[in-house]
Structure formats: structure tokens, C-alpha cells
Amino acid sequence: MPKDLRTFIEQVEQRHPQQFLRTSKEVDPNLELTGVLRKFQDQGQYPMVLFENVKGCEVPVLGNALGHRDRLALLFDTDSKGLAHAYDARQGTMIEPERVDDAPVQEIVLTGDDVDVTRIASIVHCGEDGGAYISSGVTVAQDPDNGAYNAGIYRIQVIGPRELRLDPGAYSHIWHMHHKQEQRDEPLEIAIVIGHYPTFYMASQYRGPLEVDEIEVAGGLAGEPIRMTRSATLGIDVPADAEIVIEGKLLPRVRKWEGPFGEFSWYLGPAHDTLVVEVTAITRRRDAIYQDVFNAHPEHNLIGMVGREANLLSKVRAVVPSVKAVSMPFSACCRFACYVSIRKEYDGQARNAALTALGADPFVKLCVVVDDDIDPYDEMRVMWAVATRVRADKDVIVIPEAYTCELDPAAYSIEDPTRNGALNAKWMIDATKPVGLPFQETVDVPEEVWRNIRLEEFFPA
């Protein structure tokens with residue numbers, strides 16, 4: 001069977017059954033649904049929850065599906081620390097999609113007056129959000145010139161039964177496609193895909209050239225072709241094994257107010273004029289599951305983290321082949337900082353690694369480079385290396401006025417530093433020991449002694 005959302009649910013049930021919960025109690029999609037997930041988060045738990053009875057919704061809602069590294073590791077047959085390496089090994093493998101006519105996602109097709117997005121998507125996630133949002137939709141479009149498919153996750157506000165507002169950001173490929181169509185005074189056809197095997201979501205975060213077909217990237221990450229079928233009302237193909245697809249057109253030369261919305265930074269992204277989607281159809285499985293993403297919380301960060309870690313690992317490896325691992329910590333929203341572990345071979349190598357990482361991803365403001373005896377996924381160990389191996393006057397370097405990201409709350413405008421913009425300083429911390437010079441040795445109980453100790457032999461239940 002082709003991989004889909006149900007495949008992933010089965011994997012979690014088999015490997016991490018304690019992380020999958022169901023509830024038949026009615027839940028209000030206006031803040032209560034995400035309130036349940038927030039309560040779990042307050043207790044340090046991030047289970048995947050299937051809400052079977054959502055007030056006003058025709059389909060059940062799956063929340064927090066991608067909220068834990070251990071669950072994402074299932075997608076690549078690895079563990080949480082091996083994610084970047086496994087992703088990097090697969091992302092260069094393109095697998096062309098398979099075309100099918102009998103598509104599960106088109107078991108129910110709604111067009112014309114039967115279209116009502118609010119009956120399947122009416123979730124208000126955070127108290128300050130501007131209304132209901134489709135936070136989990138992967139927007140798929142075909143480049144009007146080269147024919148390549150592109151996918152991305154953007155903020156999509158539900159305005160009415162057949163109207164959405166979509167904010168792609170001026171740096172995105174979808175924005176460039178729409179811009180080309182707008183010059184021709186034509187709409188851009190899009191499909192908003194809700195619910196699929198999570199590697200499809202990860203492929204939408206692929207950072208490559210516009211001519212790369214991201215449906216092929218998704219196939220490579222999944223290890224099999226993505227099945228595609230013709231859309232019901234448009235001239236593009238859509239994923240046949242999705243749970244729900246909303247078909248529509250991004251209108252040319254039309255902008256309307258959208259927002260505000262909680263962003264990956266865990267700050268409120270401002271409201272502004274943005275693009276308008278005219279919905280032409282809703283297709284779905286007969287027993288569809290609405291996969292939601294809890295914005296401005298850990299799940300929001302994890303979706304893009306794995307691909308970004310893999311991208312940094314690949315770029316740093318090209319400069320420093322002895323790189324061991326790259327981590328983008330939760331403490332920096334899995335975007336603004338990275339920890340790089342290297343087997344240091346010569347002095348200055350750590351700085352080359354840091355410069356490469358800072359340049360490879362505009363979102364990254366801070367890079368900490370540590371020796372290979374430090375686990376970059378253990379933030380306490382990273383900070384211990386910073387505390388004990390850094391001479392701040394020599395090992396902390398600041399690069400002023402670099403391009404970062406408009407969603408960085410501390411970023412500023414070149415015209416007026418008091419206004420938000422896309423400029424900020426980037427900085428690196430070289431927390432590695434010097435090569436060939438004496439340095440104090442660490443102390444510990446030998447690992448071969450404590451690693452094999454079974455505590456239950458000393459403290460039986």
C-alpha cells in the first residue's frame with residue numbers, strides 16, 4: 001500500500017503506542033482543541049491526539065502528529081539523533097511521481113455551492129490569532145514556465161466558505177510563481193493538501209532551486225513514488241493519497257487583510273494585506289482525517305527542523321569533512337541557532353564551519369561549534385563547552401547587518417533600526433579546544449563501566 005497519513009499512524013501505534021491518544025469527548029475548535037495540547041505541553045508531553053468529535057466539523061482532527069523527534073525518526077528508520085543524516089541521504093534521491101486515476105482523496109468531490117471550507121477547517125489555535133487558520137495545508141502549485149511542482153506551508157486564514165487568504169512571503173517560490181502569473185493577469189492554480197505521510201510535509205521545506213520538482217523530492221524522502229491524480233476543477237495534479245485537498249486560484253492583483261497569526265518564533269506575526277484564494281473545490285476521503293499543526297508551539301518548529309538540519313550538515317560537510325552532527329535546538333525555535341560538532345583537525349577549522357552554517361541558512365543567527373566529545377543534541381553539554389572552553393574576547397565573533405528573516409522579532413530595517421525588518425547581527429562561538437596545545441582533561445567514570453550497569457539489579461521493583 002502507498003504511504004499516507006494512516007501509514008504513519010500505524011507506525012506510531014506499533015512503535016510508540018503511549019504517544020497516540022484518542023478522545024471521543026466533544027471539543028471546541030476555538031482554542032479548546034489546542035488548549036488540550038497546550039496542557040500536555042505544560043506537563044512535558046507531546047502525544048499525537050485524534051479528536052474524534054470536533055464541534056462543527058465534519059471530520060475528526062489529528063493534532064500534534066509531528067510534535068516529537070522520536071516519531072519523525074520512524075519516517076527514516078533511524079533514531080532522533082540520526083534524523084539529519086538520514087534525511088540528507090534521501091533528499092538528493094528524486095523519485096518521479098506515479099499517475100493514477102482512482103484516487104482515495106476524490107471519494108467525495110464538492111464543487112459550486114456545495115463548497116464550504118468552514119465545515120472542515122475552523123480551528124482557532126492561539127488567543128491572539130486573527131481567526132480560524134489552515135495551519136497544516138501544504139500549498140502545491142506548478143510553475144507556469146518550467147512545469148516543476150513546488151510545495152510550501154504558509155499561513156492560510158479561513159474567511160468564508162469559498163474564500164481564503166494566503167501569505168507566502170516575498171522569498172518563497174509560490175510568490176515567484178504567482179508574480180509571473182500576475183504579470184500575465186492570470187491566477188495561479190493551487191491545491192492545499194491536508195494530511196499525508198509526513199515526508200510530504202518535510203519535502204515542502206526543501207530549500208533548492210525553483211526548477212526542482214518537490215513532488216519528486218517528496219518521493220525520494222518517502223522512498224517511493226508519490227501517487228498523483230488530476231485535480232477536479234484545475235489543470236494541475238494533486239496527491240492521490242492525501243486526506244483532503246482544497247482546490248483554488250490565487251487571484252491576480254487582489255490583496256486583502258490577513259492576520260495576525262502565531263509564528264514559529266512563538267511571537268505574533270503581524271496582520272497585513274496578502275493574496276486571496278478563490279476556492280473551486282474540496283475533495284476528500286470518505287473517512288477523511290483533518291491533520292492539524294499547532295502553530296507557535298513545538299510541532300510548528302519540528303516540521304522544518306529536519307530539512308534545515310540536513311541542509312546545514314551537507315553544506316558544512318563540504319567545507320569541514322570531519323563534521324559529526326548538526327542540531328537546531330528548541331530553545332531557538334529550531335531556526336535561529338545551530339550547534340555543530342566537529343572532529344577538529346586544525347585551528348581555524350571551527351570558524352570555517354561556523355561561517356558556512358551562518359551563510360547556508362538566513363534564519364540562523366547563532367552558530368556554536370563544539371568538539372566531537374560534545375553531543376550537540378544535549379544543550380547542557382553544549383553550554384558546558386561554552387562555559388569552559390571559550391575565551392569571549394577571542395572566540396565570540398559578531399557579523400553586523402546580515403540578512404536574517406522578517407519573522408525574527410529582533411530584526412530591523414536599514415532605513416529605520418526602530419522598525420522591524422530583515423537585518424540582524426549574526427554571531428559565532430568557537431567552543432572547541434585548541435589543537436596541539438595543552439588543555440585540562442575531563443573526568444568521568446569509564447563508559448565501559450557504567451553503560452552496562454542494570455539499575456534494576458541494585459534496586460528491584
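Visitor: Which residues line the largest cavity?

Guide: Start with the idea. Rolling a probe the size of a water molecule over the atoms shows where empty space is left. On a 1 Å grid over the protein atoms alone, a cavity is a set of points where a 1.4 Å probe fits but cannot get out, and lining residues have an atom within 4 Å of a point. Here the largest cavity is lined by Pro 2, Lys 3, His 196, Tyr 197, Thr 199, Ala 222, Glu 224, Pro 225, Ile 226, Arg 227 and Asp 241. That lining divides into five nonpolar, two polar and four charged residues. Ala, Val, Leu, Ile, Met, Phe, Trp, Tyr, Cys and Pro count as nonpolar, Asp, Glu, Lys and Arg as charged, and the others, Gly among them, as polar.

Visitor: What kind of model is this, and how are residues numbered?

Guide: This is a predicted model, numbered from 1 along each chain as its sequence is written. Local features need pLDDT of at least 70, side-chain atom pairs count only at pLDDT 80 or more, totals for chains, interfaces and linings use all residues, and side-chain values use heavy atoms, with hydrogens and water left out.

Visitor: How many cavities of 30 Å³ or more are there?

Guide: The count is three. The largest holds about 50 Å³ of space. A volume is the space filled by probe spheres set on the grid points, which are joined across faces, edges and corners. Leu 37, Gln 41, Gln 45, Tyr 46, Asn 64, Phe 294 and Pro 298 line the second largest cavity. They divide into four nonpolar, three polar and no charged.

Visitor: What describes two packed helices?

Guide: The angle between their axes and the distance between the axes. Axes are lines fitted to C-alpha atoms, for helices over the stretch in contact, and angles run from 0 to 180 degrees between N-to-C directions. Helices (H or I, at least four residues) and strands (E, at least two) are DSSP runs, numbered from the N terminus. Take α4 (residues 83-91) and α8 (residues 298-319): their angle is about 80 degrees, with axes 8 Å apart. They are therefore roughly perpendicular. Angles under 35 degrees count as roughly parallel, over 145 as roughly antiparallel, 65 to 115 as roughly perpendicular and the rest as oblique.

Visitor: Which residues of α4 and α8 meet?

Guide: Contact means heavy atoms within 4.5 Å. On the α4 side, Leu 83, Ala 84, His 85, Tyr 87, Asp 88 and Gln 91 take part. On the α8 side, look for Val 306, Gly 307, Glu 309, Ala 310, Leu 313, Ser 314 and Arg 317. This contact has six nonpolar, four polar and three charged residues.

Visitor: At what angle do α4 and α7 pack?

Guide: At about 130 degrees, with axes 8 Å apart; α7 covers residues 214-222. The two are therefore oblique to each other. Tyr 87, Arg 90 and Gln 91 in α4 meet Gly 220, Leu 221 and Ala 222 in α7.

Visitor: Where does the backbone have a cis peptide bond or a positive phi?

Guide: Most residues other than glycine have a negative phi, and most peptide bonds are trans. Here a cis peptide bond joins Gly 259 and Pro 260, with omega about -5 degrees. Pro 260 sits in the loop between β14 (244-258) and β15 (261-262). Leu 31 has a positive phi, near 75 degrees. Leu 31 lies in the loop between β1 (20-23) and α2 (32-42).

Terms used
1 Å grid on protein atoms, 1.4 Å probe; cavity = no way out; pocket = protein on both sides within 12 Å on 5 of 7 lines; lining within 4 Å.
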